[in-house]
Amino acid sequence: VAKNGGGNGYAFFRPHMHEDVSELVELRQALREAVETHQLQLHYQPKISGRTGQVNGVEALLRWIHPVRGPISPAVFIPIAERFGLINAIGAWVIDEACRQMGAWQAQGSKVRVAVNLSSHQLRNACIVEQVRDALQRHEVQPGQLVCEITESVAMERSQAAKGIIEGLSGIGVVVSIDDFGTGYSSLSSLRQMRVSELKIDREFVMDVHTSKDARAIVDAIVRLAHALDLRVVAEGVETAAQRDALIELGCDELQGFFFARPMPPQDLMKQGSPLMGAACSGSAEQALFA
Ligand code: C2E
Ligand code: MG
Ligand code: MG
Ligand code: MG
């Protein structure tokens with residue numbers, strides 16, 4: 001039925017497909033099994049220091065490797081998980097697995113910050129702060145090593161619950177980052193009150209930063225605002241050297257994107273010559289950074 005999509009291989013799982021009850025039941029079952037049978041994995045994408053070119057941290061990105069259909073994008077299955085009430089279980093697994101991995105890397109001598117993405121549903125779950133604290137303790141990781149990325153639209157919701165959870169997370173020492181910044185509507189006073197530590201400039205502005213006066217002005221304004229409030233600024237979706245140069249010139253603290261490295265399985269991050277091993281990333285694009 002749904003195999004006639006744009007050839008991206010994701011058609012079957014498109015979230016807004018027709019409301020066929022049996023199909024929904026099947027999807028829910030498939031996702032449940034995915035959780036139970038370890039079809040979910042975290043891949044990690046490096047965040048590079050704009051000043052030194054070193055890897056400052058990584059972002060954990062969820063992957064569903066379906067046994068028949070192959071990899072399925074989180075942009076597709078997270079909304080389904082939210083809709084079927086599976087997101088809290090999946091989110092809890094993400095937090096625990098990211099902390100476990102961070103602990104393992106630390107034991108091998110690589111102290112690297114790991115960022116996880118939190119869904120809006122997790123910000124309605126009062127237990128989340130405790131969940132995070134427990135995971136940090138279980139894997140003996142310092143709270144300041146964990147970053148929680150929350151999209152701007154969710155963080156700035158009027159909901160007191162979400163604000164309370166952001167307070168709680170920063171209260172236990174976790175770094176709170178506002179993801180996709182620039183696409184929502186932030187109240188500047190909220191940014192300060194909520195003890196956020198990082199803004200991630202959305203790819204929409206990064207994409208055009210070197211060609212569009214407007215995009216450049218927006219990035220410039222975000223960087224100045226962030227620095228005036230003592231926040232770190234990360235640019236996401238950096239794909240070219242020209243974008244990188246413009247972003248560094250504008251003062252972005254960290255850069256992340258395919259130009260440096262794609263999200264990859266954890267074992268690849270630790271391979272010889274890989275970002276986490278301290279040496280320059282492999283590949284000519286990455287070499288240029290250190291030239
Ligand atoms: P996000 O947190 O804004 O993550 C950035 C997305 O951009 C990722 O897509 C990443 O693979 C992609 N990306 C990174 N560099 C580049 C680049 O240079 N060019 C382009 N075109 N894309 C780039 P991904 O992994 O498909 O994730 C999509 C979204 O799904 C994420 O957006 C995040 O909102 C959500 N997500 C991913 N993992 C989780 C998770 O564990 N929990 C929750 N709740 N959401 C997640
Ligand atoms: Mg993110
Ligand atoms: Mg983002
Ligand atoms: Mg984004």
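A: Start with burial: buried means under 20% relative accessible area, exposed over 50%, and partly exposed in between, with a 1.4 Å probe and protein chains only. By that rule Glu149, at 1% relative accessibility, is buried. This is a predicted model, in which local features need pLDDT of at least 70 and side-chain atom pairs count only at pLDDT 80 or more, while totals for chains, interfaces and linings use all residues. Residues are numbered from 1 along each chain as its sequence is written, chains are lettered from A and ligands numbered from 1 in the order in which they are written, and side-chain values use heavy atoms, with hydrogens and water left out.

Q: Which residue bridges the magnesium ion (ligand 2) and the magnesium ion (ligand 3)?

A: Asp179 does, and the two ions lie 3.8 Å apart. Asp180 bridges ligand 3 and the magnesium ion (ligand 4), which are separated by 3.0 Å. Ligand 4 is coordinated by Asp180 (OD) and Glu236 (OE) at 2.3 to 2.5 Å. Asp180 lies in strand E6 and Glu236 in the loop between strand E8 (232–235) and helix H10 (241–249), so the pair ties together parts 56 residues apart in sequence. Asp180 is partly exposed at 23% relative accessibility, and Glu236 is buried at 15%.

Q: How many residues surround ligand 1?

A: A residue is near a molecule if one of its heavy atoms lies within 4 Å of it. The shell has 22 residues, and the closest are Arg63, Asn117, Asp179, Glu239 and Phe258. E2 supplies the largest share, 4 residues. E2, helix H2 (74–83) and strand E6 (175–181) each supply at least two.

Q: Which polar atom of Asn117 lies 2.9 Å from an oxygen atom of ligand 1, side-chain or backbone?

A: A side-chain atom. For Phe258, a backbone N or O atom lies 2.8 Å from a ligand oxygen, and for Leu62 a polar backbone atom is 3.1 Å from a ligand nitrogen. The protein covers 81% of the 790 Å² of accessible area that ligand 1 has on its own; such areas come from the Shrake-Rupley method with a 1.4 Å probe, and for residues only the protein chains shown count as cover.

Q: Which side chain makes a polar contact with Arg113?

A: A polar contact is a pair of N or O atoms within 3.5 Å; within protein, one must be able to donate a hydrogen and the other to accept it, and residues adjacent in sequence count only if both atoms are side-chain atoms. Here the side chains of Arg113 and Glu254 are joined at 2.7 Å. Arg113 is in strand E4 (residues 113–117) and is buried, at 18%.

Methods: Donors are N, O and S atoms within 2.8 Å of the metal (3.2 Å for Na, K and Ca); water is not among the atoms, so sites may look incomplete.
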